[in-house]
Amino acid sequence: METILKVTGLSVSYGHVEALRGVDVDVRRGQIVSIIGANGAGKTTLLRTISGMVKPLAGTIEFEGKPLPKKPHKIVAEGVIHVPEGRKCFSGLTIRDNLLTGGYVFKGRDLNEDLQEQYKLFPILEQRKNQYAGTLSGGEQQMLAVARGLMGRPKILLLDEPSMGLAPIIVNQIYDLIRQIRDRGITVLLVEQNARKALGVCDYAYVLENGRINLQGTGEELLGSDEVRKAYLAG
Amino acid sequence: MSLQILINGIATGSIYALIATGFALIFNVLKFSNFSHGATMTASAFVAYFLLEGAGLGLVPTLLVAAAAGALIALVGEFVGFRRILLNHSSATYFFVSSITLGTLYEGLVTIKAGSNFFNFPRFFSTPTINIGAQVISTSDVVMFCISMVALLILAFIIQKTRLGRALRAISFDRDTAQLMGINSTRIIQLTFVISGVLAGIAGVFLGIKYTLYPTLGSLVVKGFIASVIGGLGSLTGAVIGAVLLGVVETILLSLLGSGYSTIATFAIMLVFLLFRPQGIAGSNVQEKA
């Protein structure tokens, strides 16, 4: 399968702090690719750089063989959709308005069909469509954040810590959902601290440590690696 | 209380509502008060006055010119005074400095042209009063009230029902995440300034009709600040409610206490209100959630 997203030699600094140092990541179309690593390893920075929110110091990001545009809103229009860490639902907007905001790039298009599609996938969102997003529970907000991302008709969905702060049963639901998204042909780049979950679901994975890629392989390979077991799966 | 006083108060309140919403819109996107809003009102009203001087045109052309001038001034202000600060995530102090500076600049430019004189808009209404039974109501109050209401309804429609309005609300809650939805935040913020400028232009003309035009007319923007604080900073509905309340209370106090004490009483009431409900009338709706 061909590469859809190719990150080469990516370096990012915040002032004097180097967050990423020469990161190479290849994401193949139709796969789930996980990036695991500890807090502060640079996972979120990597996603924010891909979605244009952080400017890289060096390196290139190619999407479908072409360099990605620089501005976040143009990157979204290419079909690269980032569901940020901590869900970041617009708490004072209704659920329906949150979803419509997710389809913002489709100017002049009737978004009703897209809305219905999300409601079918997440019936809870339809029941509460006129409530403020701030009234939803953490798990429901995560569903809304993903549904809002899907409204942008992604070719690749960047998911940042979708399991953060959620009960195990909800985490399982979210991971089922991630599989379903892949099965619809949407490529997923998943960033997680929950290494066991992320390695279990993915087709390929990278281990990010102090801003560098330390290890890579299929999910199974990494689950079997001593290094990963010691550092990320202990307990 | 007579009908006359009530209508006068509501009309005054509706002008305050134009000021307060224009001010609240910018507060929403900048998370800071735009202190140049008052001078924008004055400057756009003066532009309309001088451009149409002697042309004998009616109220509507005057409002249109003032609205266009307000939009233009706000656009320039956004670019010169706020854009860099916003993009760099700089401290709010810079917004304070740049908005005060812009305001002083506009006021200075107006003073150069107008001196410290008072100007009167031409008489826009052939019959200055309407009689309903024994009550005498000023025509300008009624007209200003109606136009303000139409402007506010259009604003509410834009904010609640349109793609632009949704983008604006999304940016108000979380600018970073709004950008991840494909919203060009710079463009939307520009448009927000344009809308705010249009409201400032209309409010400027109305204040000019009510109190005559003079270079420091914009200091009446304080009434808009107060209204939007009473309403709950950032809430547009709250701003409108706060503004009408303020207008009515002020007018009633004026008729009871006379001009000197009524101002003091108005401010005292506001302080007491804020003591008990610092988040304003609509406060809880606009609080950011983690």
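User: How many helices and strands does chain A have?
Analyst: Chain A has ten helices and ten strands, and the model they come from is a predicted one.

User: How does the radius of gyration of chain A stand against the globule rule?
Analyst: The radius of gyration is 17 Å, which is close to the 18 Å that the globule rule gives for 235 residues, so chain A is as compact as a globular protein of that length. Along the principal axes, the C-alpha trace of chain A spans about 45 × 40 × 35 Å.

User: And what share of the residues counts as buried?
Analyst: Of the 235 residues in chain A, 48% count as buried. As for contacts in chain A with a separation of 6 or more, 67% of them are accounted for by residues 24 or more positions apart.

User: Switching to the sheet of four strands, what is the order?
Analyst: The order is β2-β1-β4-β5 in chain A, in an open sheet with antiparallel pairing.

User: Which strands stand at the edges?
Analyst: Those are β2 (17–28) and β5 (66–67) of chain A, and because each has a single partner strand, one side of each is left without a neighbour in the sheet.

User: Over how many bridges do β1 and β2 of chain A pair?
Analyst: Strand β1 (residues 3–14) pairs with β2(A) over eight bridges in the antiparallel sense, and A:Thr3 stands opposite A:Arg28 in β2(A).

User: Which helix packs on that sheet?
Analyst: Helix α1 (residues 43–50) of chain A packs on it, touching β1, β2 and β4 (58–63) of chain A, and the direction of α1 makes about 65 degrees with that of β2(A).

Conventions: Residues are numbered from 1 along each chain as its sequence is written. Chains are lettered from A and ligands numbered from 1 in the order in which they are written. This is a predicted model: local features need pLDDT of at least 70, side-chain atom pairs count only at pLDDT 80 or more; totals for chains, interfaces and linings use all residues. Helices (H or I, at least four residues) and strands (E, at least two) are DSSP runs, numbered from the N terminus. The radius of gyration is taken over C-alpha atoms; the globule rule is 2.2 Å times the number of residues to the power 0.38. A residue is buried if 20 or more other C-beta atoms lie within 10 Å of its own, exposed if 12 or fewer, and partly exposed in between; C-beta atoms are placed from the backbone. Two residues are in contact if their C-beta atoms, placed from the backbone, lie within 7 Å. Two strands pair if DSSP finds at least two bridges between them. Axes are lines fitted to C-alpha atoms, for helices over the stretch in contact, and angles run from 0 to 180 degrees between N-to-C directions.
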